[in-house]
Amino acid sequence: MRRRRKIYADAGVALICVLLGGLSGCASTQSRHEFLGQSFSARPADAPVEVFRSDPPIRPFVKTARLDVHLEKTGFMTSNLESALPELKKQARETGSDAIIEITERRSQVLETMVYHVTAYGIRYVDPH
Amino acid sequence: MPKSLFRSAAALVCAFVIGTFMAGVALAEDKGVQSTVGYPMEAVKKAAADALTVIGCTIKKDESTYVEGVRARKVGAFVGSGGETVSVTLAPTADGKTSVDIRTKKTFVGGAGQKNWDQQTLDEIMKELGGAAAATTPAS
């Protein structure tokens, strides 16, 4: 009886290890930025970044960089813009951008993996703040 | 169930889980997709890097005539995905165009969830180039 309990306990520990191993590698995030011309210094990690989901801002601006964020999750779990925004804003700060415009979303699927890719452009305001 | 048999089974399961994370032995490359694109090489190289990013690659090599990216590996409830290496080799042609050769290299471990990205990469390259051309074409 004690021996059977020990076997069940070992099985439970092994199952937990397998699950943790699986959960730790079931999602991935890739991001990249590419300056369109002139490069700019990165802004602080807590700098605000405006997000324009439809029309661009009225203030005059210049496009600074193309921003890409790619999310993949297994187990048919989906992603959306809200889940990509933190990384998108981080890429915007790294390119010295004040805001993000022209957001384009793409969704696809590879077997059980749900793929979400967002492309946007970082901009810098021309007039002083 | 005997303890020794259980331990052997547990070791096998752990080895499988670890194996799906670690890079495995690369299988032979596929024949790839080749095409000639009506744009200069610099523009095509940029489009290739953008295309690899869109399909989920992290760019590992970005040389004058060669761009290579690797997709992140993920373990799934069934087969997971990722781990493929996608490469784009470029060469200028005599008439100012660019020839591209796109190949996907899969791995032995985790291969069940991998796919060939050659055609999709070419489609993305053409989409990127088309968008770039539209952006530079003045409105009539």
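Strands are DSSP runs of E with at least two residues, numbered from the N terminus. The model discussed here is predicted.

Q: In which strand is Ser87(B) found?
A: Ser87(B) belongs to strand β4 of chain B.

Q: Why is Ser87(B) called buried?
A: Buried means under 20% relative accessible area. Ser87(B) has a relative accessible area of 9%, so Ser87(B) is buried.

Q: What is Ser87(B) in contact with, leaving aside its neighbours within four places in sequence?
A: Ser87(B) has heavy atoms within 4.5 Å of Tyr66(B), Val67(B), Glu68(B), Asp101(B), Ile102(B) and Arg103(B).

Q: How do you know that the span of helix α2 of chain B agrees with its number of residues?
A: At 1.5 Å a residue, the 14 residues of α2(B), residues 41-54, should span 20 Å, and the end C-alpha atoms are 20 Å apart, which agrees.

Q: What makes α2(B) largely enclosed by the rest of the structure?
A: Of its 14 residues, 10 are buried, so α2(B) is largely enclosed. Among them are Val44(B), Lys45(B), Asp50(B) and Leu52(B).

Q: Which residues touch the most other members of the largest nonpolar core?
A: In this core of 22 residues, they are Leu52(B), Val86(B), Val88(B), Val100(B) and Ile125(B). At least two core residues come from each of β1, α2, β4, β5 and α3 of chain B. The most come from α2(B), which gives six. Another core, of 15 residues, lies apart from it and includes Leu67(A) and Tyr116(A).

Key
Residues are numbered from 1 along each chain as its sequence is written. Chains are lettered from A and ligands numbered from 1 in the order in which they are written. This is a predicted model: local features need pLDDT of at least 70, side-chain atom pairs count only at pLDDT 80 or more; totals for chains, interfaces and linings use all residues. Side-chain values use heavy atoms; hydrogens and water are left out. Helices (H or I, at least four residues) and strands (E, at least two) are DSSP runs, numbered from the N terminus. The expected span of a helix is 1.5 Å times one less than its number of residues. Buried means under 20% relative accessible area, exposed over 50%, partly exposed in between (1.4 Å probe, protein chains only). A nonpolar core is a set of buried Ala, Val, Leu, Ile, Met, Phe, Trp, Tyr and Cys residues joined through side-chain atoms within 4.5 Å.
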